[in-house]
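Here are my notes on this one, as numbered points. Keep in mind that the model is predicted.

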Amino acid sequence: MNIGQAAKQSGISAKMIRYYEEIGLLHAVNRTDAGYRIYAAQDLKALHFIKHARELGFSSEQMKDLLSLWKNTDRQSAEVKKLALRHIEELNQKIKSLQEMVLVLEQATECCAGDYGPDCSILNQIEQGLVG
């Protein structure tokens, strides 16, 4: 199948497929004599895997590790679990950071008159670096 068909079936844009190939997430696929990419069933499986890993918030580097483990039938599940636990820790840190941002912004909006005047405590707090 060509890149357009692979994009449609995987739910990943052709531009992102090219990018994933460029950064080494997806191996260089076969090409026609005219230079068009040809994707096989295994390539489509890899694209689906990449899409699902991205939906879980894994970075490109983490996805490289995951793909390597996925392709290695001699892998140990302990390696995969270790990577997933590390990612969970990172996600929890992001959640905590986002919750702190929400709290600061909620407090700032409570102090804002929200009227037709130019004075705005939210902008003042951002200017002073009190947000975050």
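**Helix packing and core**

1. Start with helix α3 (residues 41–55) and helix α4 (residues 60–71), which pack at an angle of about 135° with their axes 10 Å apart. Angles over 145 would count as roughly antiparallel and 65 to 115 as roughly perpendicular, so α3 and α4 come out as oblique to each other. Their crossing is right-handed.

2. Who makes that contact? From α3 you have Q42, K45, A46, F49, I50, A53 and R54, and they meet S60, M63, L66, L67 and W70 of α4. Sorted by class, the contact of α3 with α4 has eight nonpolar, two polar and two charged residues.

3. Now the largest nonpolar core, which has 21 residues. I17, L26, Y39 and L47 are the ones touching the most other members. At least two core residues come from each of α1 (3–10), α2 (14–22), α3 and α4, and α3 gives the most, with five.

4. Leaving aside residues up to four places away in sequence, L47 touches A6, S10, I12, I17 and L26.

5. On the α5 side, the contact uses V104, A108, T109 and C111, while α6 brings S121, I122 and Q125. How many charged residues take part? There are none: the contact of α5 with α6 has four nonpolar and three polar residues.

Key:
Residues are numbered from 1 along each chain as its sequence is written. This is a predicted model: local features need pLDDT of at least 70, side-chain atom pairs count only at pLDDT 80 or more; totals for chains, interfaces and linings use all residues. Side-chain values use heavy atoms; hydrogens and water are left out. Axes are lines fitted to C-alpha atoms, for helices over the stretch in contact, and angles run from 0 to 180 degrees between N-to-C directions. Helices (H or I, at least four residues) and strands (E, at least two) are DSSP runs, numbered from the N terminus. Angles under 35 degrees count as roughly parallel, over 145 as roughly antiparallel, 65 to 115 as roughly perpendicular and the rest as oblique. A crossing is left-handed if the near helix is turned anticlockwise from the far one by less than a right angle, and right-handed if clockwise. Contact means heavy atoms within 4.5 Å. Ala, Val, Leu, Ile, Met, Phe, Trp, Tyr, Cys and Pro count as nonpolar, Asp, Glu, Lys and Arg as charged, and the others, Gly among them, as polar. A nonpolar core is a set of buried Ala, Val, Leu, Ile, Met, Phe, Trp, Tyr and Cys residues joined through side-chain atoms within 4.5 Å. Buried means under 20% relative accessible area, exposed over 50%, partly exposed in between (1.4 Å probe, protein chains only).
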